[in-house]
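I opened the model today to look at packing and ring contacts. These are my notes, in the order I looked things up.

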Amino acid sequence: MAGVYLLLTTFLLIVLVPLVNIVASSFSSPAAVSGGRVFLWPVDFTLIGYEAVLSNEDILTGFGNSLFYAVAGTLVSITLTVMIAYPLSRSELVGRKALIGGVLFTMLFSGGLIPTYMVVRALGLLDTRWAMIIPAAIGAWQVLIAMTFFRSSIPGELYEAAQLDGASDLRFLWSVVLPLSKPLLAVIALMYGIGQWNSYFSALIYLRSEDLYPLQLVLRNILVLNNNSGGTDLANQMEAKQIADLMKFSLIVVSTVPVMLVYPFVARHFTKGVMLGSVKG
């Protein structure tokens, strides 16, 4: 038992120390960050990094875009996932096994990047917000979790009783199934939401207009391309480089906060939803 706690503590420190260092660096002075003097506590406490982040229009636009993609994409994904998973959970569905096999097939094989790009282009989605939502709207893993949840957690007697009362399939789904599936909905919402919030590669491939860029792509431009270059004077360049280094840490914190704020509200459903959606009985 002591070995288990030691191993878990080691893993915790491996994950926690870099995060604390990033937060401490975001509240430190540019000179302290550039000089590598920050470890687990801010040095020369300042909010310059956050002031620079919040005054950058590209960052604010990217934050708004990511928020839209996360919320709209999650709503679309949950709707489509339930529409696919619930019928597949019904044993009386004609061709059910073949359809489930088709879902499983997509987990093993895909068309690849070029065919997917050609489909997105043919649909006229390039350089639109829908390019960030539609191609990644449905996850096969989430469909399987939802299907297993519906099949194992919604008694058939409820469906028979609803039929006797004259309820249609849609009415039964809306009034009975969904209210009983809150843990499941919380789990797949968290999965889809985090995926959309962290989406980076899709934006890099499908988007050209900077006013559509999500926050992660703006973060990439700052971290990798270092767009915040200084002037021609050496002193100005050094100062700009220090502020750019500080902005990197502040921007990482800003991009992480929304997920950290949402997670506590769905965490209590997470374990229950995953277990009920993966274990039959």
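Which residues in H5 meet which residues in H7? I noted first that this is a predicted model. On the H5 side I listed Arg-96, Ile-100, Val-103, Leu-104, Thr-106 and Met-107. Their partners in H7 are Ala-140, Trp-141, Val-143, Leu-144, Met-147 and Arg-151. I sorted the residues of this contact by type: 9 are nonpolar, 1 is polar and 2 are charged. Then I checked the geometry. Helix H5 covers residues 96-108 and helix H7 covers residues 140-153. The two pack at an angle of about 145°, and their axes are 9 Å apart.

**Cores**

Next I turned to the largest nonpolar core, which has 25 residues. Tyr-86, Phe-150, Phe-172, Val-177 and Leu-184 touch the most other members. H7 gives the largest share, 8 residues.

Setting aside neighbours within four places in sequence, I found Tyr-86 in contact with Phe-150, Tyr-159, Phe-172, Leu-173 and Val-177. There is also a second, separate core of 22 residues. Its members include Ile-22, Met-132, Trp-197 and Leu-207.

**Rings**

I counted aromatic pairs and got 10. How are the rings of Phe-149 and Phe-150 arranged? Their centres are 6.2 Å apart and their planes stand at 80°. Edge-to-face needs planes over 60 degrees apart, so this pair is edge-to-face. I looked up burial for both. Phe-149 has 1% relative accessibility and Phe-150 has a relative accessible area of 2%. The cut-off for buried is under 20%, so Phe-149 is buried and so is Phe-150.

Ring pairs also join Tyr-86, Phe-149, Phe-150, Tyr-159 and Phe-172 into a cluster. I then searched for charges over rings. The charged end of Arg-90 sits over the ring of Tyr-159, 4.0 Å from the ring centre. The charged end of Arg-129 sits over the ring of Phe-68, 5.4 Å from the ring centre.

**Ser-199**

Last, I checked a loop residue. Ser-199 lies between H10 and helix H11 (201-206). Is Ser-199 buried or exposed? Its relative accessibility is 12%, so Ser-199 counts as buried. Not counting residues up to four places away in sequence, Ser-199 touches Met-132, Pro-214 and Gln-216.

Conventions
Residues are numbered from 1 along each chain as its sequence is written. This is a predicted model: local features need pLDDT of at least 70, side-chain atom pairs count only at pLDDT 80 or more; totals for chains, interfaces and linings use all residues. Side-chain values use heavy atoms; hydrogens and water are left out. Rings of Phe, Tyr and Trp (its six-membered ring) pair if their centres lie within 6.5 Å; planes under 30 degrees apart count as stacked, over 60 as edge-to-face and the rest as tilted. Buried means under 20% relative accessible area, exposed over 50%, partly exposed in between (1.4 Å probe, protein chains only). A charge sits over a ring if NZ of Lys or CZ of Arg is within 6 Å of the ring centre and within 35 degrees of the ring normal. Axes are lines fitted to C-alpha atoms, for helices over the stretch in contact, and angles run from 0 to 180 degrees between N-to-C directions. Helices (H or I, at least four residues) and strands (E, at least two) are DSSP runs, numbered from the N terminus. Contact means heavy atoms within 4.5 Å. Ala, Val, Leu, Ile, Met, Phe, Trp, Tyr, Cys and Pro count as nonpolar, Asp, Glu, Lys and Arg as charged, and the others, Gly among them, as polar. A nonpolar core is a set of buried Ala, Val, Leu, Ile, Met, Phe, Trp, Tyr and Cys residues joined through side-chain atoms within 4.5 Å.
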